[in-house]
Amino acid sequence: METDDVSVREQLFHNRVRETIICVLLFTCLYMLSYLILNQFRKTAEFVTDDVEDATVNKIALWLCTFTLSVAVCAVLLLPISILSNEVLLTFPQSYYMQWLNGSLIHGLWNLVFLFSNLSLVFLMPFAYFFTESEGFAGSRKGVMARVYEAVVLLLLLALLVLGIVWVASALLHDNIARKSLYDLWEYYLPYLYSGISLFGVLLLLLCTPLGLSRMFSVTGSLLVKPRLLEDVEDTLSCTTFEEDSLSRKINCGSTSCWVKLNMEALKKEYQAVQKMRRKASPWQRNLGYPLAMLVLLALTVMCVLMVCFNVLELLLDETAMPRGMEDPHLGMASFSMFGSLGAAVQVVLILYLMVSSVVGFYSSPLFTGLLPRAQDTNLTQIIANCVSLLILSSALPVFSRTLGITRFDLLGDFGRYNWLGNFYVVFLYNMLFAGLTSASLIKTVTWAVQRELIRAFGLHRLPLTVSRSTVPFRLLLASGLSKIQ
């Protein structure tokens, strides 16, 4: 009996060591990837300076931002890793090489992401901002440690302020619980605070994702060569060259202001890039790549809307459709999609597509356009703001995907302990708003795209500049088209 107990303890110890090694390797790879990404956007002048103190402070803040971004990327990958792990265990149930892939590993990964998300949002990112802005207390010796002391004091004051606001909010909503758990900081107030942050992230996803789904068409179209089936390519390139020469003459004009010159130089570079892209594009890329990409985006968007509508019906008919937490994930028992492995793969693609769309919509919003990072020209404050924004969006993605019914994988760990997840009216209204906003954005995008292509196909884009093309009635387009057909 004692030998059996020892063997069980050894097995548990080896499992824990193996899970720790896997998590460390995963976070190390994500940290290196995040550092490479931030290195492409950071302003080099802030890290290569004569002031050694400022350079050291900026490097430490950049390391904290890199850690936060790696946690955000891991939060995005939580659901895809969990869904694919379940399908792998279903496909190879008795494989010796897949024994390391189990529910304990996935559950521990969810807990680590939740812990590091709290740590980054509540402590690391505020400390990084205060650390870069601090100069040390008046009268103290200057140096890095003086900045550390000032940043820590400011962080403590901010923590007291935030905890006071959380206690007041909990007292207003749950009076008895707030009084009993006044000193229960870790078990109640921090999860309550993160629940509020997650609710804010889910609401932000609700606003950004429909906008991003509509913007994905234009963003993808700008990266590809659009087909010109009814237009001569050589004629277009000749017009582009003529406009480029005209801009060059205006740039060389001495009376042109500096701001206008910069804009003209940017337009010239854009014309040159478009011309180079169109010359290098093969007929297959020009006439087949763009339509296929648009059809794939349209299919993914329509699939998202249909799945949300189906989830709305399930919410009305079945209580199990409500998002809930799960303490022990039984992986390898059954697929989380009714279509098996193919449906699980589609779920993973849709989750990643929604995340990319939400990021595109976030940076396309007028409120957050100023946060858009620029290559080699993003200061440290903007990097901190971007890391915080991306972490809020990514940490809310599992709750967002489960609430909309994109996947049936229930939330693990503390992700399923949010108070508002059990409210039927909140979940139902959220699904209806997402379906309505996405459908409206999609219809508007398709309508404007069709009208723009009709204007180009029927030659109305050659109208004089004094005539606004956007004011051309849609009936005129149809009448022009019918007359050309006849």
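Among contacts (heavy atoms within 4.5 Å) between residues at least 6 apart in sequence, 78% join residues at least 24 apart. This is a predicted model, in which local features need pLDDT of at least 70, side-chain atom pairs count only at pLDDT 80 or more, and totals for chains, interfaces and linings use all residues. Residues are numbered from 1 along each chain as its sequence is written, and side-chain values use heavy atoms, with hydrogens and water left out.

**The chain overall**
- The secondary structure comes to 14 helices and two strands, taken as DSSP runs numbered from the N terminus (helices H or I, at least four residues; strands E, at least two).
- Of the 486 residues, 42% count as buried, where buried means under 20% relative accessible area, exposed over 50% and partly exposed in between (1.4 Å probe, protein chains only).

**Helix α11**
- The 16 residues of α11 (residues 380–395) should span 22 Å at 1.5 Å a residue, and the end C-alpha atoms are 22 Å apart, which agrees; the expected span is 1.5 Å times one less than the number of residues.
- Helix α11 is largely enclosed by the rest of the structure, because 13 of its 16 residues are buried.

**Pro-398 in α12**
- Pro-398 sits in helix α12 (residues 397–404) and counts as buried, at 1% relative accessibility.
- Leaving aside neighbours within four places in sequence, Pro-398 is in contact with Ala-75, Leu-79, Trp-110 and Leu-411.
- Between Pro-398 and Leu-78 lie 320 residues in sequence, yet their C-alpha atoms are 7.4 Å apart in space.

**Val-153 in α4**
- Val-153 belongs to helix α4 (residues 144–173) and, at 36% relative accessibility, counts as partly exposed.
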